[in-house]
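Subject: Structure handover, aromatic contacts

Hello,

The structure is below for your files. My notes on its aromatic rings follow.

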Amino acid sequence: MALPLISRRKLCTVFTYLVLVFQACSGFYLPGSYMHTYSTGDDIFAKVNSLTSIETELPFSYYSLPYCKPVGGIKKSAENLGELLMGDQIDNTPYRFRMNVNESLYLCTSPPLSENDVKLLKQRTRDLYQVNMILDNLPAMRFTNQNGVKIQWTGYPVGYTHQNSNDDYIINHLKFRVLIHEYEGAGVEIIGTGEEGMGVISEADKKKASGYEIVGFEVVPCSVKYDPEKMLKLHMYDNSPSVSCPQEPDNSQIIKDKERVSFTYEVEFVKSDIRWPSRWDAYLKMEGARVHWFSILNSLMVIVFLAGIVFVIFLRTVRRDLTRYEELDKEAQAQMNEELSGWKLVVGDVFREPSHSKLLCVMIGDGVQITGMAVVTIVFAALGFMSPASRGMLLTGMILLYLVLGIAAGYAGVRLWTTIKGTSEGWRSVSWSIACFFPGIVFVILTVLNFILWGSKSTGAIPISLYFILISLWFCISVPLTLLGGHIGTRSEPIKYPVRTNQIPREIPARKYPSWLLVLGAGTLPFGTLFIELFFILSSIWLGRFYYVFGFLLIVLSLLVTVCAEVSVVLTYMHLCVEDWMWWWKAFFASGSVALYVFLYSINYLVFDLQSLSGPVSATLYLGYSLIMAIAIMLSTGTIGFLTSFFFVHYLFSSVKID
């Protein structure tokens, strides 16, 4: 009776906890950061991220250019692991906003531009660098018209080159439009994750919370030529006349030697019906929903086709052969054994140890780790936990998940090792190899790319201190957890093979064409389910667009897993039917070969869609990151295919009663 009593207590505790959670979640808002409310006249200072360009992909510090500096000096915001790895560098700025107060202000006038300043400004202008300003955690948004179509961008350019001349002009006047929503502070509780941390507006704070919340941040950039003598008489935040944009070239601020540049800005506050939880909707407008659905329907057709083949293999061929065999008497079975053909002939070799079995175990272990990380991350992102308002959280979450899932990697790799070898001897070496294989490859590639970034003086370069942090996380968390998983794997029973392996390996019949051609060709089917979504992901990474259709990505991931499993099973069966018992690596690469097509597609994307990307440095960075992505996809999809094939072969031969 003690056990049911404990169970009831546990159930009561869980139920009470859930009631409390649901009570706390009335008006619950997960994506985004902690809501700020401001009273009229409250000072709000904008922040700025690194300068970025879709032409070079090399981020640089905002203050590497001669912009106005804050009165109290430049202060960097605290950054998480993901932000540091992505090259974000968030600094404070002198741009001051007073809540609900429209004004036009002077900031500063630069010293005469040196030859180096002019060269740098011209280079950043011609490379299409953008200034990424942030107010209350919202990026500045601007709108442009191209061929009658309204296009939305985040950030504004450093400068521009006029169509009718080769002169470059600097953006030195900004017209800000801040959308605000009046907040009553009644009956709402807010919880969120963002750069300000977590927070809850309690009953006691509701009256204090009344005021205005920022729900939009738009900018119109322009270049204005000022008289430096007049402007030098002004002080920071003095009033300056309003300016209409855009200006003619004669009235714009040219970039040239000994020129002084004056910086000004205007602020207009506009009341909006947009509520604070919906303020990111403008940035996350889902373009091309029909394309995503088309991709999913296309993948479903492939899955149905492959499922039909698997169905035929299982229900017609395999079950028919096994039923016929079981209906025979012993003499007839002995006679049939001599006349066996196809997969039944390799019964004594099908579980023979594959070549490079340790490498296979290592790659399966790393594949389990990467697949687990991807699935959990995408599920959490689809549920809204990985908001773009929390910069770097997606990458930080992926790294932490990868570290923790080292235990699953060690278990899977060592369990497969003990199954193949029949003993746990050498499991420590396997565990160490699992912990160091994929992270080691990534570490080598990132180090090479980092030397390139250091040489370019980019903020994208990983600081030495972060290198030590990453190595510490690797060897203090990932390696011990992988060894722990390996130890648990040795304590588990090895998977028993259903048939015995012959001492002398059977000769594999000669084939007209290499079996690897079929294996490489099989990768086109998983790639077909992935390539449309891959275009949107690459555009989000390299063209600075927000990717937030994680619901679609979760569906595509499910379809990809299904296709990989089906393709690998079909190919494994085809190889066994032609008496090729070396199926282990072929099962892995049947689905893992999709990575080759992903990498080739990345090169195609670089050549045809990233035509603006300039210089060997940018191309090297792009190819380096694409290679890391391709290796991760190979390990993940290969693992899915191999494990499915392993259990398929185990099931197939467990039904055979051949001595």
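Buried here means under 20% relative accessible area, exposed means over 50%, and partly exposed is in between (1.4 Å probe, protein chains only). Tyr95 has a relative accessible area of 4%, so Tyr95 is buried. Tyr265, at 0% relative accessibility, also counts as buried.

This is a predicted model, in which local features need pLDDT of at least 70 and side-chain atom pairs count only at pLDDT 80 or more, while totals for chains, interfaces and linings use all residues. Residues are numbered from 1 along each chain as its sequence is written, and side-chain values use heavy atoms, with hydrogens and water left out.

Rings of Phe, Tyr and Trp (its six-membered ring) pair if their centres lie within 6.5 Å; planes under 30 degrees apart count as stacked, over 60 as edge-to-face and the rest as tilted. Searching the whole structure gives 35 aromatic pairs. Among them, Tyr62 and Tyr67 are stacked, because their ring centres are 4.5 Å apart and their planes are at 10°. Both Tyr62 and Tyr67 are buried.

The pair of Tyr95 and Tyr265 is edge-to-face, because the centres are 5.0 Å apart and the planes at 65°. This pair links distant parts of the chain, 170 residues apart: Tyr95 is in strand β2 (residues 91-98) and Tyr265 in strand β14 (residues 262-271). Strands (E, at least two residues) and helices (H or I, at least four) are DSSP runs, numbered from the N terminus.

One aromatic cluster is formed by Phe443, Phe451, Trp454, Tyr467, Trp474 and Phe475.

Regards
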